[in-house]
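Here are a few notes to go with your first look at this one. Have the structure open while you read.

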Amino acid sequence: MHPLSSRSRVVVNKTMTFWERLYLPAIVGGLWITFRHFFYKKVTIRYPEIKRIFSPVYRGLHVLKRDDLGAERCTACGLCAVACPAEAITIDAAERKPGEEGLYREEKYAAKYEINMLRCIFCGLCEEACPKQAVYLTDRIVPSSFERQDFIWGKEKLVEPVEPEKRVDVSIRHYFQKEA
Amino acid sequence: MLFWIEKISLVVLVFCVTLVIAMYATLAERKFAAFFQDRIGPDRAGPFGLLQPLADGIKFFFKEEFIPANADRFLFVLGPCLSMIAACMTTAVIPWGHDIVIFGQTMALQIADLNVGVLYLAGVVSLGVYGIMIGGWASNNKYSVLSAIRASSQMISYELAMGLALIALVMHTGSLSLREIVQAQHGGHWNVFFQPLGFLLFLICSFAEANRVPFDLAECETELVGGYHTEYSSMKLGFYLFAEYINMFIASAVMSALYFGGYHFPGLYHIGLSDNSAALVGVGVFFLKIAAFMFFFIWIRWTLPRFRYDQLMRLGWKILLPLAIANMIFTGFLSLLLG
């Protein structure tokens with residue numbers, strides 16, 4: 001019969017030679033192997049100082065984007081909340097008042113936008129559902145905390161800063177979304 | 001009076017040095033384990049993780065002190081104490097260096113120069129198993145008892161071969177005093193060259209006596225949970241773990257003294273140092289040899305797997321013991337032949 005893979009080995013139950021039964025040569029060989037590892041490159045990444053590069057498709061902490069003029073893109077349509085399989089998103093909608101055009105892009109906006117980070121499974125369906133390209137998952141990590149309440153992220157933490165240099169870069173996500 | 005001050009200060013010094021070395025042996029173990037596995041190891045507490053042993057010690061003190069309900073309370077506490085005491089007692093007969101002269105007084109760098117030092121050594125080392133046995137038995141836990149039984153039977157099996165290896169050494173040097181054995185190795189006449197097989201046997205038995213891998217069946221996690229210290233917590237557990245490192249240190253010191261010339265190294269007395277500084281350099285050399293052996297202990301631990309129980313017994317009784325007897329007879333025969 002032909003072997004199914006190149007990795008099959010014929011087992012031989014032969015008795016060990018005297019040299020093999022001495023064990024000491026084998027032990028010295030083993031010591032040599034471990035000693036070589038002493039000088040190998042260490043695989044450890046010293047985490048807080050050095051951060052590992054995420055893959056482009058990594059889905060971490062969410063961000064609520066603003067448009068180029070600094071107005072919030074979200075129009076509180078609720079599609080993300082509907083799409084969310086973990087039911088982690090809560091939205092309260094409100095109507096834009098005259099004079100708030102610089103703050104909100106559409107006539108309707110989210111007065112409350114909360115994501116429960118303990119419920120969220122980071123599937124990215126909210127991002128896919130969003131027709132206004134307002135919500136994205138970034139390569140950031142949700143910080144740990146001792147309190148459950150700290151994991152409910154409201155708008156004050158989710159919406160990106162107005163200043164152009166402090167905006168959150170999601171161009172990679174954007175690229176992949178188009179591909180899909 | 002002066003004699004007592006001298007001796008007591010030496011005892012305190014040796015005790016402190018032993019404890020500090022055992023402390024840092026735990027760090028070295030973790031660091032080297034990491035290096036052997038391509039990791040970095042503890043490096044957060046202090047520069048290069050040098051305060052790690054301190055942090056571990058503090059953690060041990062703050063852990064809950066727990067004694068199982070049906071345990072024998074007296075013996076339960078006695079176990080780790082005995083382990084620790086037996087481990088520390090061995091340091092008494094080890095010659096750390098040449099005599100030094102302070103203010104016209106000759107001071108021996110050895111706590112007690114027993115004329116039966118080797119015998120004392122063998123005796124105290126075998127006492128160490130009582131700590132494990134008592135602790136394991138008093139825990140009222142089947143795993144602890146199994147481990148205690150293993151430890152004691154292992155101790156008995158390997159002490160025989162170790163004793164016979166020592167007898168061959170004593171036949172070669174003609175003295176039971178550790179100081180005289182070290183003195184006889186002056187000028188590069190290290191015993192390891194005359195007793196290579198004896199050294200190998202002694203080395204293997206030291207691993208068994210110190211309960212180190214590949215002979216750490218007493219604390220075999222895969223079979224016995226934690227072994228004899230399954231039920232121990234807080235500093236009582238710390239004592240057991242600490243005693244293991246002290247034993248390792250002592251075994252290294254004994255091997256360096258008996259087989260590797262102790263505080264001698266070839267050419268030490270030809271560099272032109274004064275007697276006192278030569279003695280101090282000798283102490284440094286002795287500690288270097290000890291450090292090398294301790295590294296070897298750690299190196300072996302992260303290389304070899306653990307023996308199976310029957311393999312352990314077969315190695316002890318069927319291989320090491322006959323070899324030790326053959327070595328003894330051969331040594332006796334040779335010394336008779338060469339006068």
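1. Start at C205(B). Leaving aside residues up to four places away in sequence, C205(B) touches Y158(B), A161(B), M162(B), A165(B) and L320(B). Bear in mind that this is a predicted model.

2. Now zoom out to the core around it. C205(B) is one of the residues that touch the most other members of the largest nonpolar core, which has 82 residues. A161(B), A165(B), I246(B), F249(B) and V254(B) are also in that group. The biggest contribution to this core, 16 residues, comes from helix 10 of chain B, residues 234–259. There's also a second, separate core, with 20 residues, including A76(A), I89(A), A110(A) and Y136(A). As background, nonpolar side chains tend to be buried together in soluble globular proteins.

3. How confident is the predictor about chain A? The mean pLDDT of chain A is 86, and 96% of its residues reach 70 or more. Among the elements of chain A, helix 3 (residues 79–83) has the highest mean, 93.

4. Next, where the chains meet. Ten residues of chain A are in contact with ten of chain B. On the chain A side, five of these are nonpolar, four polar and one charged.

5. Last, have a look at helix 4 of chain B, residues 117–138. Its 22 residues reach 32 Å from first C-alpha to last, close to the 32 Å expected at 1.5 Å a residue. After helix 4 of chain B comes N140(B), with a positive phi near 60°.

Key:
Residues numbered from 1 in each chain as written. Chains lettered and ligands numbered in written order. Predicted model: local features only at pLDDT ≥ 70, side-chain atom pairs only at ≥ 80, totals over all residues. Core = buried A, V, L, I, M, F, W, Y, C linked by C-beta atoms within 7 Å. Buried ≥ 20, exposed ≤ 12 C-beta atoms within 10 Å, placed from the backbone. Helix = DSSP H or I, 4+ residues; strand = E, 2+ residues; numbered from the N terminus. Contact = placed C-beta atoms within 7 Å. pLDDT = per-residue confidence, 0-100. Nonpolar A, V, L, I, M, F, W, Y, C, P; charged D, E, K, R; others polar. Expected span 1.5 Å × (residues − 1).
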